[in-house]
Amino acid sequence: MLKLHILASGSRGNAAIVENGATGAGVLIDCGICKRDFFGRAAEAGFDLAGLEAVVVTHDHGDHVKGMGVVLRGLAKAGVCPAVYASEAVFAASAPLRDAVASVGARFCAFEVGEELVLADLAVRSFATSHDAAASCGFRFDELASQPVGADGAPPSPTVAAPLDSLGYMTDTGFVTDEAAAVLAGVRLLALESNHDGRMLETGPYPYVVKQRIASTRGHLSNTQAADYLRGAAHGDLRHVVAMHISQENNTYRLPRETLVAALADAARTVPVSVAYQDRLVTIA
């Protein structure tokens, strides 16, 4: 089974670890937090960082990459050297990401958005999101059952096995693209952006141009938009939803949960809904 350890989520910094519960291996999604918070919350989650095999990057904005350098250097001192995966466009757009990779000599692997990777015995498929960033994307993770070792002693091949568990991760998007909806169909665990309340954003303290950006099709999902998507996407195998990237100025931690619970009720589904926080660990499994 898969676990999602959300170390931080919000405009001040984002980082999450997808753990393969069968092996203890993991994949880090983004790293926009400081070394102290990264190591402290990973330990609190009970995740052994020796099992961190890769880092995948959604996009180039600072709240998703600004902590990459200090964290990779801290991991390297502990003998942990995960490969870093990002699109060429994201890598080119982010000097902090390039500097982080160079600072420890990490292996950088470019992927095309839409490509499927196999990391930590997980099939990892990226999909495009609509955000004002270079080639922004979300991810779907599928746990794979390895084939038995053959008579010739060949190692198991996870790429040809059926998925056992699935997790979807989508933040930083102004709307849910058709591609995203198709890739996320049927996941058991769903991490879904629910960034702002429309009324709070409209009447809040942000400058008009910033409000326009957030509410645009290249901004962030509102509570209502997330609920509209979830109402149509809810299915019988969905077991947990967590509201992500919640604005501390234009939302509360209560509103996303209430809005998403109501959407699930409209779809005749009773599914737990959690919220991810900026300054504390949340684990869903």
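Strand 12, helix 10 (residues 254-266) and strand 13 form a right-handed β-α-β unit. Right-handed means that, with the strands pointing away from the viewer, the path from the first strand over the helix to the second runs clockwise. Helices (H or I, at least four residues) and strands (E, at least two) are DSSP runs, numbered from the N terminus. The model is predicted: local features need pLDDT of at least 70, side-chain atom pairs count only at pLDDT 80 or more, and totals for chains, interfaces and linings use all residues. Residues are numbered from 1 along each chain as its sequence is written, and side-chain values use heavy atoms, with hydrogens and water left out.

Strand 12 spans residues 240-244, and five of its five residues are buried (under 20% relative accessible area, with a 1.4 Å probe and protein chains only). H240, V242 and M244 point one way, while V241 and A243 point the other. In a regular strand, side chains alternate between the two faces of the sheet. Strand 12 runs parallel to strand 11 (residues 189-193), joined by five bridges. Here L190 is opposite V241. Strand 12 also pairs in the parallel sense with strand 13 (residues 273-275), over three bridges. A243 has V275 as its bridge partner in strand 13. Pairing requires at least two DSSP bridges between two strands.

Strand 8 (residues 122-128) is mostly covered, with five of its seven residues buried. Strand 8 pairs in the antiparallel sense with strand 7 (residues 116-119) over four bridges. V118 is opposite A123 in this pair. The hairpin of strands 7 and 8 has two residues between the strands, and A120 takes a positive phi near 55°. Seven bridges link strand 8 to strand 9 (residues 137-144), again in the antiparallel sense. F127 stands opposite G138 of strand 9.

F38 belongs to helix 1 (residues 35-45). F38 has a relative accessible area of 0% and is therefore buried. Not counting residues up to four places away in sequence, F38 touches L7, I17, L28, C31, I33, L49, L52, V71 and L75. Contact means heavy atoms within 4.5 Å. F38 and V71 are 33 residues apart in sequence, with their C-alpha atoms 7.3 Å apart.

The largest pocket has a volume of about 150 Å³. Of its 16 lining residues, S11, N195, R213, H220 and H245 are the closest to its centre. A pocket is an open set of points on a 1 Å grid over the protein atoms alone, where a 1.4 Å probe fits, with protein on both sides within 12 Å along at least five of seven lines; lining residues have an atom within 4 Å of a point. The lining comprises three nonpolar, nine polar and four charged residues.

Methods:
Buried < 20%, exposed > 50% of the residue type's maximum accessible area, 1.4 Å probe, protein only. Points joined across faces, edges and corners; volume = space filled by probe spheres on them. Nonpolar A, V, L, I, M, F, W, Y, C, P; charged D, E, K, R; others polar.
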